[in-house]
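Here are a few notes for you to read alongside the model. I have kept them brief and in numbered points.

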Amino acid sequence: MGREGGRIIRPARFAMKRDPRPGPAAHSGYIATAIVLLAALFAPGQARPQASAGASTASAGATIPSAALLQPEELARILRSPGGEKPAILQVGSHVLYAEAHIPGSEYAGAAGEDAGLKTLRDRVQGWKRDRPLVIYCGCCPWDRCPNIRPAYRQLRALGFTHVKALYLADNFGADWVDKGYPVAKGR
Amino acid sequence: MRPRLRPGPKAGRILRRLGFGLGIGLGLALSPPGLQIPVRAATGPPSPGEVGRRAPNFSRVDLDRRRITLADYRGKTVLLDFWATWCEPCLAEIPRFVAWQREYGAEGLRIVGVSMDDDAPPVRAAYRKYALNYPVAMGDEKIGELYGGILGLPVTFLIDAKGTIRFEHRGAVDPNQMQEEIRSLLQRR
């Protein structure tokens, strides 16, 4: 297991052959695509239908609005879209589980279910622009019983962050991200 | 006749490129989940935590500073419980495990807890609060990987007297089912 930077399992490439060097037209297209995706996903107050979230999503809506939930496949799509601005991704749960597997590029930001973890989160985002797109995730337990995701969301909103999304992991990070084949990195 | 306004060649190229990008972006953003392109990762080696495999050995010092070596439990039926103090479903299982250790200990059941907490103090507090009658050691990512990745709790393995994993539960499980599994393993000893 690589500690430095971690081993990354990359998603399978599409079979279509093409020139690996994107031309100027491709760059313009990529930029426009990224702008549209990010605008669509992080537009404040925009309600998006949640696929197969069921009662869990409805329950979570008490503290995290459904418009602020991000489905794993949506985040995976953002991660694999070339170019463009990516959201900052923060894991707000267990450090041990983060070390086992986490979303590439995400940072550990403390277990938000505890005061010390919330302080770690506050310190981590200090100085960030309040309209910066953020994605938080945990996945330590089933969504309805996760002790971390809601406190983290509330904390970031209280700090004034306007574009916060919570990754909806119905069962846990293993079942809803790793087992789905989405990219994973290891290490602390 | 009014002349049609046409962009110059350079402006036209830029507009076409932007339109192409916007079209793809909108298409992806608005497509239903069933039409999304699936992403598959390399599968890597088979999970070592699968039922039928030899339970990977590990050695740790427990909360009472006694060494736990899984291989030393050969000849016993082992319930290996990965849990954490912040995991509500894990805590719900603990009183049951305490009762089973008391009830089936004489028949050869040994429960071993591995906490995936980041720090020991809350685990010590829970150990006292729930009056655990079985050893608990602190886990880490290495032991998690040994057992196929502990990426959501609770995870429970039932290991037979020969050291083979016979049952594996990821997530909370019906206690009656697990009790039946334990009984079946105890009878096979």
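**Notes on chain B and the cysteines**

1. Chain B exposes about 10200 Å², with carbon and sulfur atoms supplying 56% of it. Accessible areas come from the Shrake-Rupley method with a 1.4 Å probe, and for residues only the protein chains shown count as cover.

2. Before going further, a word on the ground rules: this is a predicted model, in which local features need pLDDT of at least 70 and side-chain atom pairs count only at pLDDT 80 or more, while totals for chains, interfaces and linings use all residues. Residues are numbered from 1 along each chain as its sequence is written, chains are lettered from A and ligands numbered from 1 in the order in which they are written, and side-chain values use heavy atoms, leaving out hydrogens and water.

3. You will find five helices and seven strands in chain B (DSSP runs, numbered from the N terminus: helices are H or I with at least four residues, strands E with at least two). Starting at the N terminus, their order is α-β-β-β-α-β-α-β-α-β-β-α.

4. Of the 189 residues in chain B, 46% are buried (under 20% relative accessible area, 1.4 Å probe, protein chains only).

5. One disulfide is present over all chains (a pair of cysteine sulfur atoms within 2.5 Å). It links Cys87(B) and Cys90(B), with 2.2 Å from S to S. The link is right-handed, with 80° about the S-S bond, and both Cys87(B) and Cys90(B) are buried.

6. Over in chain A, why does Cys140(A) count as buried? Because its relative accessibility is 1%. Cys141(A) also counts as buried, because its relative accessibility is 1%.

Note on methods. Buried < 20%, exposed > 50% of the residue type's maximum accessible area, 1.4 Å probe, protein only.
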